[in-house]
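Here is a short report on a protein model.

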Amino acid sequence: MQKSLFTKYFAICVAVILVALTVLGSILLLISAQYFRSEKYDLLKKTTQNAVDYTISNYRTQDNQVILDADIINSYRILGRSIEAQVFLVNNSGQTLLVEGMHIQGDDSTADYLSGSDNAYSSVLLPYSIPENILKQVREDGEYFEVGTLGGIYKSQTYIYGAPVVLEDGTLIAYLFLSAPATAMGDFLLQILQMFSISSIFVIFLCFIIFYFVTLQMVKPLRRMAHAAARFGSGDFTTRLEVHGEDEIAQLASALNNMAQSLSVLEASRRSFVANVSHELRTPMTTIAGFVDGILDGTIPPEKEREYLHTVSDEVKRLSRLVRAMLNMSKIESGEVKINQTDFDMLDVILQTLFSFEKNIEAKAVDIQGLDRDKVIVSADQDLIHQVVYNLLENAVKFVNEGGYISFGFRAQGGNTYVTIRNSGAGLSREEVQHVFERFYKTDKSRSLDTNGVGLGLYIVRSIVNLHGGEITVRSVEGEYCEFEFYVPSGKVSKAMKKLPGKESV
């Protein structure tokens with residue numbers, strides 16, 4: 001079964017807490033053990049030193065043997081009982097002279113000897129001897145400490161501290177050892193572990209509750225986003241997510257809202273595109289079908305067939321222009337159009353395009369202005385820029401008033417060459433200016449004057465200019481003029497030109 005994000009996140013948090021508590025508990029036990037060991041070392045060292053000092057102050061010898069009187073033995077007994085330790089006194093050869101305090105777990109005979117309650121803390125002579133390597137370490141280091149068995153004397157781990165009994169003149173007369181069972185540390189660590197376990201259970205329970213609700217709160221917005229994404233996938237882009245704060249989840253919600261807005265606009269554009277294409281295709285096809293059917297069924301008289309066939313031909317050409325424009329638009333939007341960037345003279349492109357409209361220009365007695373100048377070199381794709389100029393001039397010639405003007409302006413700025421094309425006439429309204437570059441958009445004026453247009457020319461113009469890294473803008477005053485200005489990278493000659501006045505030829 002697939003686990004939800006809530007389950008995964010909650011499980012990870014729980015696992016992290018358990019691992020953290022385990023590591024923390026282990027470290028705590030290690031530190032506690034080290035602390036207990038250190039404390040035991042200090043206690044045994046201090047007690048041993050006191051016993052050594054007391055022995056030096058009160059000992060006597062006979063036949064080169066250390067003789068211990070009752071006071072020293074009683075002192076050993078008191079020291080051993082006070083810290084629950086055992087006092088060993090051995091001679092220079094390591095032979096045990098005295099054991100005071102707790103019993104040594106040795107062989108059976110010794111165990112029997114010390115088993116009576118009356119002898120529980122008796123001073124006794126034992127046959128045990130301390131290994132020479134331990135005595136050597138005491139002589140060389142001045143002390144000895146281990147957690148061990150003192151050369152096999154003890155059956156279990158024991159804290160052992162030893163020190164030499166040295167007179168003021170440097171004579172070594174004996175060795176003194178104190179030992180205490182290590183089981184006390186186990187009891188101490190067990191108590192620490194019990195307290196830590198109880199505390200950990202409480203902490204784990206509290207963390208479980210906190211992480212449960214925190215995880216739930218974190219997952220809730222993600223579930224809402226998943227629901228919204230499902231709505232977007234079904235085509236409903238009206239859903240919006242609430243954005244709280246500025247964290248990553250808030251940023252994701254904001255991004256989804258922006259995506260929904262973009263998809264909504266794109267969907268509206270797609271529907272508009274389909275509707276416009278359908279309309280643009282339906283009109284000429286209906287006209288063509290009607291005229292052809294009229295000719296075939298005899299509705300149109302033979303003497304007018306030629307006239308209507310011309311109309312059919314015009315509609316077919318219109319369909320061809322529409323298909324060609326849509327193919328160009330598709331190539332541009334899909335990135336299939338590659339720019340062949342070269343340096344060329346913009347004036348040559350404009351003059352060649354003007355010759356294409358010479359008949360219409362002369363029919364309207366249009367005055368051409370701003371072309372009496374030197375070369376204007378740009379760096380762009382000449383064929384694509386020719387299409388830009390053609391579309392802009394086609395619009396200018398269509399909508400210029402009779403006896404009006406079409407003017408051109410050029411200026412170099414920031415490594416780019418700006419080209420301005422203005423025509424006098426009715427101009428565009430403020431509302432029309434905002435939509436003039438949209439696909440299939442036609443103004444009311446163009447619908448009445450430009451019956452052959454498909455509404456894609458200016459959209460393609462802007463797309464081509466954008467491919468060159470440029471922009472195109474439109475300015476217009478109703479009843480006076482309409483002006484388009486675009487810029488493309490300057491060529492080598494134009495880059496060396498001084499900045500020209502912005503509207504010197506207009």
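## Aromatic pairs

Tyr 308 counts as partly exposed because its relative accessibility is 24%. Buried here means under 20% relative accessible area, exposed means over 50%, and partly exposed lies in between (1.4 Å probe, protein chains only). The model is predicted: local features need pLDDT of at least 70, side-chain atom pairs count only at pLDDT 80 or more, and totals for chains, interfaces and linings use all residues. Residues are numbered from 1 along each chain as its sequence is written, and side-chain values use heavy atoms, with hydrogens and water left out.

Rings of Phe, Tyr and Trp (its six-membered ring) pair if their centres lie within 6.5 Å; planes under 30 degrees apart are stacked, over 60 edge-to-face, and the rest tilted. The count comes to 10 aromatic pairs. One of them joins Tyr 144 and Phe 177, edge-to-face, at 6.5 Å centre to centre with 75 degrees between the planes. Tyr 144 sits in strand E5 and Phe 177 in strand E7, so this pair ties together parts 33 residues apart in sequence. Both Tyr 144 and Phe 177 are buried.

Phe 291 and Tyr 308 make a tilted pair, because their ring centres are 4.8 Å apart and their planes stand at 55 degrees. This pair links distant parts of the chain: Phe 291 is in helix H6 (residues 248-296) and Tyr 308 in helix H7 (residues 305-334), 17 residues apart. One aromatic cluster is formed by Phe 36, Tyr 41, Phe 145, Tyr 159 and Tyr 161.

## Overall figures

The protein has 14 helices and 14 strands. Helices (H or I, at least four residues) and strands (E, at least two) are DSSP runs, numbered from the N terminus. Of its 506 residues, 39% count as buried. Contact means heavy atoms within 4.5 Å. Among contacts between residues at least 6 apart in sequence, 65% join residues at least 24 apart. The accessible surface comes to about 28700 Å², and 55% of that belongs to carbon and sulfur atoms. Accessible areas come from the Shrake-Rupley method with a 1.4 Å probe; for residues, only the protein chains shown count as cover.

Helix H4 (residues 132-141) buries Ile 134, Leu 135 and Val 138. They lie on the same side of H4, because they cover an arc of only 100 degrees around the axis. The arc is that of the directions from the helix axis to the C-beta atoms. On the other side of H4, Asn 133, Glu 140 and Asp 141 are exposed. Cover for the buried residues of H4 includes strand E3 (86-90), strand E5 (144-148), strand E6 (158-166) and strand E7 (172-181). Just after H4, Gly 142 takes a positive phi of about 85 degrees.

In helix H8 (residues 346-356), the buried residues are Met 346, Leu 347, Val 349, Ile 350, Thr 353 and Leu 354. They fall within an arc of 160 degrees seen down the axis of H8, so they line one face of the helix. Exposed Phe 355 and Ser 356 sit on the face of H8 turned away from its buried side.

## Nonpolar surface patch

Tyr 9, Phe 202, Val 203, Leu 206, Ile 210, Val 214 and Met 218 form a nonpolar patch on the surface, with about 600 Å² of accessible area together. Patches are made of residues with over 30% relative accessible area and no salt bridge; like charges are joined within 9 Å, nonpolar side chains (Val, Leu, Ile, Met, Phe, Trp, Tyr) within 5 Å. Helix H5 (residues 183-233) gives the most, with six residues. Tyr 9 is in helix H1 (residues 5-58).

## Salt bridges

A salt bridge needs a side-chain nitrogen of Lys or Arg within 4 Å of a carboxyl oxygen of Asp or Glu. The count comes to six salt bridges, including these:

| Salt bridge | N to O distance |
|---|---|
| Arg 139 and Glu 132 | 2.8 Å |
| Glu 394 and Lys 398 | 3.5 Å |
| Glu 485 and Arg 411 | 3.5 Å |

Glu 485 lies in strand E14 (residues 481-489) and Arg 411 in strand E11 (residues 405-413), so this pair links distant parts of the chain, 74 residues apart. Both Glu 485 and Arg 411 are buried. Salt bridges that share partners join Arg 411, Arg 422, Arg 475, Glu 483 and Glu 485 into one network.
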